[in-house]
Amino acid sequence: IGGLTAALALRTRGLDVTVFEQAEVVREIGAGVSIHPNAARLLKRIGLDDQLRKIGSPISGITLRSSQGEAITTPAGPATPAFSRDGGQGYNVHRADFLNLLFAAQPKRTVNLGHRCIQLKEGDDRVHLSFANGASEDADVVIGADGIRSVVQREIGLQSRPASEGIMAYR
């Protein structure tokens with residue numbers, strides 16, 4: 001979601017963008033995604049507001065629960081993430097529908113499926129990417145949206161170690 005959205009946003013600024021996706025096919029992963037007003041405004045800026053309204057259900061309020069299961073209800077209004085002070089609207093969408101919307105919005109031949117990045121090397125003015133399928137590519141800039149075990153983060157010296165905080169979220 002992040003990589004496809006970033007690609008669309010960069011294209012609206014006139015940049016030439018190629019997406020390399022490790023999945024072999026576009027398929028359903030997960031269930032639902034909440035698009036809060038800030039994200040909906042970004043999607044509007046890149047021309048996806050009409051499509052978002054078609055696939056999404058407007059968020060009308062939020063019910064939060066404590067760790068003991070006690071309901072903590074917030075009234076619909078500016079204080080909740082479902083709304084914003086400028087009247088922006090949040091939406092709940094099915095993750096597969098949202099991914100399909102983002103893929104469909106990409107220009108033809110700009111998304112390369114089956115390209116799991118295994119290494120990148122930074123040169124003087126280019127970055128060389130190597131993929132598990134044997135392909136390679138050079139780029140001016142690389143944005144890594146490759147998840148919690150990010151090869152891009154590792155290759156530039158960053159390390160994230162996921163750890164459970166013992167808190168669960170259920171919908």
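This is a predicted model: local features need pLDDT of at least 70, side-chain atom pairs count only at pLDDT 80 or more; totals for chains, interfaces and linings use all residues.
I began with Ser-34, and its bridge partner in E6 is Asn-92. Strands here are DSSP runs (E, at least two residues), helices likewise (H or I, at least four), numbered from the N terminus.

Residues are numbered from 1 along each chain as its sequence is written, and side-chain values use heavy atoms, with hydrogens and water left out.

Next I looked at the strands around Ser-34. E2 (residues 32-35) runs antiparallel to E6 (residues 91-94), with four bridges; two strands pair if DSSP finds at least two bridges between them. I then checked the faces of E2: Val-33 and Ile-35 sit on the covered one, Gly-32 and Ser-34 on the uncovered one. In a regular strand the side chains alternate between the two faces of the sheet.

I moved on to E8 (residues 117-122) and E9 (residues 127-131), an antiparallel pair with five bridges. They form a hairpin with four residues between them, and I found Glu-122 bridged to Val-127 in E9.

Is Thr-110 buried or exposed? I count Thr-110 as buried because its relative accessibility is 11%; buried means under 20% relative accessible area, exposed over 50%, partly exposed in between (1.4 Å probe, protein chains only). Leaving out residues up to four places away in sequence, Thr-110 touches Arg-11, Val-17, Thr-18 and Val-19 (contact means heavy atoms within 4.5 Å).
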